[in-house]
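Welcome! Take a moment to look over the chain shown here, and then we can walk through it together.

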Amino acid sequence: MSNRRFHPEQPANFAFNAENEAWARATIAKYPPGRQASAVIPLLMRAQEQCNGWLPEPACKLVAHMLGMAEIRVYEVATFYTQFQLSPVGSKAHVQVCGTTPCMLRGAEAIRDVCKRRIHDEPFHLSADGAFSWEEVECAGTCANAPMVQIAKDTYEDLTPELMDRLLDGFAKGQPPKPGSQTGRTASAPAGGTTTLKEAALYDGSTVGGWRVKFDERIAKADAAAAAAAAASAEKK
Ligand code: FES
């Protein structure tokens, strides 16, 4: 994890455009009186989207003002969550490479090397054409499909250096691949295919039907035993 500080060069000021201003007011109004600070993350995210993917300090000040928060409280949020970018990012993609243990064990260093080769040797620097930037982040929650990267709101998983190259090529052409596993596996299913619960009967309904027949038989048997016991008891009387 790197230090998270505001970029040294900042715009003089920030204002939401008309559409975002209306959206921000409506969002704040969703929270009960005295709880407006709960809107801090959505407002910061909207400001970031308006600023081409990064969050300038004046935007944080404005959000603090709109929510009645101390500026430092908003800075704490903006500098804590890696979803917020504090420096200008690539116009086509900002790549967040997961460097936490499961991804490291599955080859995250090689993925990071691709970013260094293709984008910039150092994180938080723009590529020569300004189209890409990268950073290393902590676990993004798709560990079962490690190694992975996150770009904007999507994750790209099961990466190899070759697949990472292909991913960057896709973004460069404006045709990013489908998010998720890049080797085609479904969600976090076993990489080599299913290893357990493979019997077709589990999925054609027959197993469920078989279980139902046995259940009904046991109920009928219990009912018969109860009826026989009641009859025997009546006879004794
Ligand atoms: S460790 Fe990389 S996604 Fe969790």
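## Contacts along the chain

Two residues are in contact when their C-beta atoms, placed from the backbone, lie within 7 Å. Keep that in mind as you explore this predicted model. Among the contacts in the chain with a separation of 6 or more, 60% come from residues 24 or more positions apart.

## Helices and strands

What does the secondary structure of the chain come to? You can find 8 helices and 5 strands in it. Reading from the N terminus, the elements follow the order α-α-α-α-β-α-α-β-β-β-α-β-α.

## Overall dimensions

The C-alpha trace spans about 100 × 50 × 30 Å along the principal axes of the chain. The radius of gyration of the chain is 28 Å, whereas a compact globule of 237 residues would have one near 18 Å. As for burial, 24% of the 237 residues count as buried.

## A pair of packed helices

Two packed helices are described by the angle between their axes and the distance between the axes. Here, helix H1 covers residues 18-28 and helix H2 covers residues 40-50. Their axes lie 10 Å apart, and the helices pack at an angle of about 170°. Angles over 145 degrees count as roughly antiparallel, and H1 and H2 are therefore roughly antiparallel to each other.

Which residues meet where these helices touch? From H1 come Asn20, Trp23, Ala24 and Thr27, and from H2 come Pro42, Leu43, Arg46 and Gln50. Sorted by class, this contact has 4 nonpolar, 3 polar and 1 charged residues.

Key. Residues are numbered from 1 along each chain as its sequence is written. This is a predicted model: local features need pLDDT of at least 70, side-chain atom pairs count only at pLDDT 80 or more; totals for chains, interfaces and linings use all residues. Axes are lines fitted to C-alpha atoms, for helices over the stretch in contact, and angles run from 0 to 180 degrees between N-to-C directions. Helices (H or I, at least four residues) and strands (E, at least two) are DSSP runs, numbered from the N terminus. Angles under 35 degrees count as roughly parallel, over 145 as roughly antiparallel, 65 to 115 as roughly perpendicular and the rest as oblique. Ala, Val, Leu, Ile, Met, Phe, Trp, Tyr, Cys and Pro count as nonpolar, Asp, Glu, Lys and Arg as charged, and the others, Gly among them, as polar. The radius of gyration is taken over C-alpha atoms; the globule rule is 2.2 Å times the number of residues to the power 0.38. A residue is buried if 20 or more other C-beta atoms lie within 10 Å of its own, exposed if 12 or fewer, and partly exposed in between; C-beta atoms are placed from the backbone.
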